[in-house]
Amino acid sequence: GLKNHYALDCDLVRLSTRRVSFSFVYFDLDGFKQVNDRLGHRAGDEILAETAAILTSLDDVVPYHLHGDEFAFLLPGHDDAKIEALARRVFEQLHDLGARRGVALGATFGAAQNADTATSPDDVRHAADGLMRRAKDAGKHRLALASGPVLTLADDAG
C-alpha cells in the first residue's frame with residue numbers, strides 16, 4: 001500500500017520544482033536476511049507488510065517501499081530532532097516486531113535534505129544513500145543526519 005520508486009521520483013521533482021523544503025529519509029532493514037533464512041519468505045513478506053503499516057502510522061510523512069527491504073519517507077522541512085524521533089520510533093517498532101518472531105530486526109537510516117533551490121531530486125537521493133552507507137559503516141541500527149552526526153538507535157548496535 002506504499003508509494004513506489006516511480007512515485008518517489010515524481011514527488012521529488014514536484015517538491016523541488018515548487019521549491020518546497022523537505023527531508024528525505026532512506027533506510028533498509030537490518031536482519032531481514034535472517035528472517036527469510038530462518039522463518040521463510042512468507043514471514044519475510046509479512047515483515048515487509050508490517051513495516052509498511054509502521055510507516056503509514058507516522059504523522060506528517062509520505063512513505064515509500066523502494067524495493068526488497070529498502071524503504072523511505074519524505075517529511076516537510078529540515079528538523080533533525082523530528083527525523084531522529086521518527087527513526088527511533090520506526091526502529092523500536094521493528095525491533096519489537098523481530099523480537100516477537102525470535103529474530104533480531106532493526107534498521108539503518110540516512111537523512112538528507114534539499115539544501116537549496118538548486119538541489120536536484122537525484123542529489124537528495126544520492127545524499128541519503130551515502131548517509132545510510134556512512135551509518136552502516138559505523139555499525140547497524142544507526143541514523144546518519146545531513147548535519148553530520150551518526151546516532152546510535154540501540155544499545156546493542158554493531
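Which residue's side chain meets that of Glu-50 in a salt bridge? The partner is Arg-101, at 3.4 Å from N to O.

Before going further, a word on the ground rules. This is a predicted model, with local features needing pLDDT of at least 70 and side-chain atom pairs counting only at pLDDT 80 or more, while totals for chains, interfaces and linings use all residues. Residues are numbered from 1 along each chain as its sequence is written, and side-chain values use heavy atoms, leaving out hydrogens and water.

**Salt bridges**

For a salt bridge, a side-chain nitrogen of Lys or Arg has to sit within 4 Å of a carboxyl oxygen of Asp or Glu. That rule gives a count of 12. Here are three of them, including the one from the opening:

| Pair | N to O distance |
|---|---|
| Lys-33 and Asp-37 | 2.6 Å |
| Arg-88 and Glu-84 | 2.9 Å |
| Glu-50 and Arg-101 | 3.4 Å |

Back to Glu-50 and Arg-101. Helices here are DSSP runs of H or I with at least four residues, strands are E runs of at least two, and both are numbered from the N terminus. The two residues also belong to a salt-bridge network that takes in Glu-46 and Arg-100.

How open are these side chains? The labels go by relative accessible area: under 20% is buried, over 50% is exposed, and in between is partly exposed (1.4 Å probe, protein chains only). Glu-50 is partly exposed at 27%, and Arg-101 is partly exposed at 24%.

Lys-33 and Asp-37 sit 4 residues apart in helix 2 (residues 32-39), about one turn of the helix. Lys-33 is exposed at 59%, and Asp-37 is exposed at 54%. Arg-88 and Glu-84 are likewise 4 residues apart, in helix 4, so about one helical turn separates them. Arg-88 comes out partly exposed at 26%, as does Glu-84 at 25%.

**Aromatic pairs**

Now the rings. Phe, Tyr and Trp (its six-membered ring) pair up if their centres lie within 6.5 Å; planes under 30 degrees apart are stacked, over 60 edge-to-face, and the rest tilted. Searching the whole structure turns up 4 such pairs. One of them, Phe-27 with Phe-71, is stacked, at 5.7 Å centre to centre and 20 degrees between the planes. It links Phe-27 in strand 1 (residues 22-30) to Phe-71 in strand 3 (residues 70-76), 44 residues apart.
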